[in-house]
Amino acid sequence: MHVKCDRVRLPNGGESTREYIIHPGAVVIIPVFENGDLLLERQHRYPLRRDFIELPAGKIDPGEDDLTCAKRELEEETGYTAAEWREVTTIYPCIGYSDERLAFYLARGLTPGNHGRDPDEFLEILRVPFGEAMDWLRSGTICETKTVIGLFWLEKMLDKGW
C-alpha cells in the first residue's frame with residue numbers, strides 16, 4: 001500500500017489536496033460446507049489490539065486475477081480447497097481515502113488439506129452453523145466490515161436466490 005497526496009482542481013476552479021491510499025485490492029471468500037456451516041477465522045488485528053471473527057480474505061498479488069487469488073488465499077489461510085466457485089460482488093469499502101476494492105466469492109464443495117500460512121500469520125479456523133454466525137452478527141460478536149457484508153450477501157443468496 002502507498003499513501004499519495006495530489007493537488008487537484010475543484011469544480012469551482014480552486015485548488016486543494018487529496019490524500020489517499022493505493023491498495024492492490026483483495027478478495028473475500030464465503031466458504032460454505034454441504035450442511036450450510038461456514039468456515040470462519042478468528043484473527044488478532046494489531047491496529048485495534050483485539051481478535052476478530054472474519055471470513056477468509058487476502059490481498060491480490062501483482063498480475064494475479066481475482067479468482068486465482070481467492071483459491072490461493074482459502075488454501076493458504078485455512079487449508080481448504082473448494083470444488084465450486086461463484087463470483088458474488090465487488091465493493092469499494094473506503095472511497096473517501098482509498099482505491100481498495102474487495103471481490104467476494106462463494107466457495108462450496110470444501111475439502112480439508114494443509115494450510116500455507118506465512119510465518120507471522122496466526123489464526124484459528126472455526127466451523128460455525130450459519131444461524132449461529134448470524135446471531136454473532138446481530139450481537140456484535142462479528143463486527144468486521146467485509147464479514148458483515150459477506151454474511152448479508154449469503155443470507156440474501158439463501159433466502160431470495162440472489
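Student: Why is Glu124 called partly exposed?

Tutor: Buried means under 20% relative accessible area and exposed means over 50%, with partly exposed in between (1.4 Å probe, protein chains only); Glu124 has a relative accessible area of 41%, so Glu124 is partly exposed. This is a predicted model, in which local features need pLDDT of at least 70 and side-chain atom pairs count only at pLDDT 80 or more, while totals for chains, interfaces and linings use all residues. Residues are numbered from 1 along each chain as its sequence is written, and side-chain values use heavy atoms, with hydrogens and water left out.

Student: What makes Arg42 and Glu124 a salt bridge?

Tutor: A salt bridge is a side-chain nitrogen of Lys or Arg within 4 Å of a carboxyl oxygen of Asp or Glu, and the closest N and O atoms of Arg42 and Glu124 are 3.0 Å apart, as a salt bridge requires. By this rule the count comes to 13 salt bridges.

Student: Why is Arg7 called exposed?

Tutor: Arg7 has a relative accessibility of 56%, and therefore counts as exposed. Its salt-bridge partner is Glu15, with the closest N and O atoms 3.1 Å apart, and Glu15 is partly exposed at 43%.

Student: How do you know that Arg72 and Asp61 form a salt bridge?

Tutor: Their closest N and O atoms are 3.5 Å apart, and the pair is a salt bridge.
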